[in-house]
Amino acid sequence: RAPRSRPFSAAWPHSCPSAALLLATPSKGSVTGVHGSAVSSSSLLNPYEYAVNGALVSSLLNVPSLDDAHRGGVVMDDHFVARDRMGRLLVFMGRLAQDGAVPTNADTSDLTSNASSAVVRGIGVDEATALLLDPTGNATTGGPTLTAVGDGTAYACELSSDSLRAMTCKEGEPLSVPAVACERLTAAGFYNYSDPAAGTFDLAAWKGSGVRYKFDVDNGVITGDPYGP
């Protein structure tokens, strides 16, 4: 029986090997359930609700290939489609930017006027799915790559500088952010990770072999299909 998705290790930081299975988040983007599990529907209506405030912590574990490529601006979530967690992932991403947790050349304390280089990225992994991390897997650049294995899908999402400038992420107000860019990777089975059909993703380029699409969040409501066509 295929295991459930596990982007996080129950015994972390000691049980994650230096290569192969991606089990943990980089610092700046760690998620816990210390105040209960944040739910997409309520988190979108108030990005600063109690469960979200307890979810974002820092410095639990570093994944160097992610940190080196994205300077800590990546957050991860699991059970993704099964528990409809796209909304809460976007809230976490918005909070990382709004609260100044993402190191950029811009002053993230005033994203509406000065976010020329701010980019926030997130990865969602569904149940019975995992991502294999190869720190030097890209044949051209030697950069880090991910390969989706298992029975489900994984998602790589990005909020660009333009999206962050237009974003509303405030306490007591619904989240609004335009042009959320995502890519859906389809796994090819737990024993077929070398199969050309397995979804792969270049972390440095933030681009892979999956289906790319965009959607908006307007006053706490996702318009369009958040999991793609």
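Which residue forms a salt bridge with Arg83? Keep that question in mind as you browse these close-up views of a predicted model.

**View 1**
The protein has 229 residues, and 52% of them count as buried. Now think about contacts between residues at least 6 apart in sequence: 70% of these join residues at least 24 apart. The protein exposes about 10,000 Å², with carbon and sulfur atoms supplying 50% of that area.

**View 1. Arg83 and Glu127 bring two loops together.**
Here is the answer to the opening question: the partner of Arg83 is Glu127, and their closest N and O atoms are 3.8 Å apart. Arg83 sits in the loop between β4 (74–77) and α4 (86–98), while Glu127 sits in the loop between β5 (120–125) and β6 (129–134), so this pair ties together parts that are 44 residues apart in sequence. Are the two partners buried or partly exposed? Arg83 is partly exposed, with a relative accessible area of 41%. Glu127 is also partly exposed, at 25% relative accessibility.

How many salt bridges does a search of the whole structure find? The count is eight. One of them links Arg95 to Asp99, with the closest N and O atoms 2.7 Å apart. Arg95 is buried, at a relative accessible area of 8%, whereas Asp99 is partly exposed, at 40%. Elsewhere, Asp77, Asp78, Arg85 and Arg88 are linked in a network of salt bridges.

**View 2. Arg165 meets Asp162 within helix α5.**
In this salt bridge, the closest N and O atoms of Arg165 and Asp162 are 2.1 Å apart. Both residues belong to helix α5 (residues 161–166), and because they are three residues apart there, about one helical turn separates them. Arg165 counts as partly exposed, with 31% relative accessibility. For another landmark, find Pro178: Arg165 and Pro178 are 13 residues apart in sequence, and their C-alpha atoms are 9.6 Å apart in space.

**View 3. Helix α4 is wrapped up by its surroundings.**
After the helix comes Gly100, which has a positive phi, near 80 degrees.

How many of the residues in β8 (residues 153–159) are buried? Seven of its seven residues are. Side chains in a regular strand alternate between the two faces of the sheet. In β8, Thr153, Tyr155, Cys157 and Leu159 point one way, Ala154, Ala156 and Glu158 point the other way, and all are buried. β5 and β8 run antiparallel and are joined by six bridges; look for Ile123 opposite Ala156 in β8. β8 also pairs with β9 (residues 177–186) in the antiparallel sense, over six bridges, and here Thr153 stands opposite Thr186 in β9.

**View 4. Nonpolar residues gather in the largest core.**
In soluble globular proteins, nonpolar side chains tend to be buried together. The largest nonpolar core in this model has 30 residues, and those with the most contacts inside it are Met86, Leu90, Met93, Leu175, Val180, Phe215 and Val217. The elements giving two or more residues to this core are α2 (50–55), α4, β8, β9 and β12 (211–218). Which element provides the largest share? That is α4, with eight residues. Zoom in on Val180: leaving aside neighbours within four places in sequence, its contacts include Leu90, Leu159, Tyr213, Phe215 and Val217. Apart from this core lies another one, of 15 residues, among them Met76, Ile123, Ala154 and Leu185.

Technical notes
Residues numbered from 1 in each chain as written. Heavy atoms only, no water. Salt bridge = Lys/Arg side-chain N within 4 Å of Asp/Glu carboxyl O. Helix = DSSP H or I, 4+ residues; strand = E, 2+ residues; numbered from the N terminus. Buried < 20%, exposed > 50% of the residue type's maximum accessible area, 1.4 Å probe, protein only. Pairing = 2+ DSSP bridges. Core = buried A, V, L, I, M, F, W, Y, C linked by side-chain atoms within 4.5 Å. Contact = heavy atoms within 4.5 Å. Areas by Shrake-Rupley, 256 points an atom, 1.4 Å probe, with all protein chains shown as cover.
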